[in-house]
Amino acid sequence: MASRRVEVAALSLHPAQVNGCPALIVRIDGELDTVLTLRIDDGLVSGLYAVRNPEKLSHMRHATALRRWARP
């Protein structure tokens, strides 16, 4: 019987605020992996956004000014 090697990554979740909206920062083995953002309108969740593209996440490694999204 062949042995199988299983690797387990360390996953961490950090609450944050991104562009004025509640967010969850996901790190795997300490590295930024995903940013999940909730858009809330009139007390209801109206959007859920997930970003994993490393180029779009590069600014998350630096402090940025928060801004609120314009409502359509």
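The questions below concern the secondary structure and surface of a predicted model.

Q: In what order do the elements of the protein run from the N terminus on?
A: The protein has one helix and four strands. Read from the N terminus on, the order is β-β-β-β-α.

Q: In which sense do strand E1 and strand E2 pair, and over how many bridges?
A: Strand E1 covers residues 11–18, and strand E2 covers residues 21–28. One of the bridges links Leu13 to Val26 in E2. The pairing of E1 and E2 is antiparallel, over eight bridges.

Q: Which residue takes a positive phi in the hairpin of E1 and E2?
A: This hairpin has two residues between the strands. A positive phi near 50 degrees is found there at Asn19.

Q: Which residue in E3 stands opposite Ile25?
A: Strand E3 spans residues 31–41 and pairs with E2 in the antiparallel sense, over six bridges. E2 and E3 form a hairpin with two residues between them, and Asp29 in the turn has a positive phi of about 50 degrees. Opposite Ile25 stands Val35.

Q: What percentage of the residues of the protein count as buried?
A: A residue counts as buried if its relative accessible area is under 20%. The protein has 72 residues, and the buried part of them is 21%.

Q: What part of the accessible surface belongs to carbon and sulfur atoms?
A: The accessible surface of the protein comes to about 6,000 Å². Of this surface, the part that belongs to carbon and sulfur atoms is 56%.

Methods:
Residues are numbered from 1 along each chain as its sequence is written. This is a predicted model: local features need pLDDT of at least 70, side-chain atom pairs count only at pLDDT 80 or more; totals for chains, interfaces and linings use all residues. Side-chain values use heavy atoms; hydrogens and water are left out. Two strands pair if DSSP finds at least two bridges between them. Buried means under 20% relative accessible area, exposed over 50%, partly exposed in between (1.4 Å probe, protein chains only). Accessible areas come from the Shrake-Rupley method with a 1.4 Å probe; for residues, only the protein chains shown count as cover.
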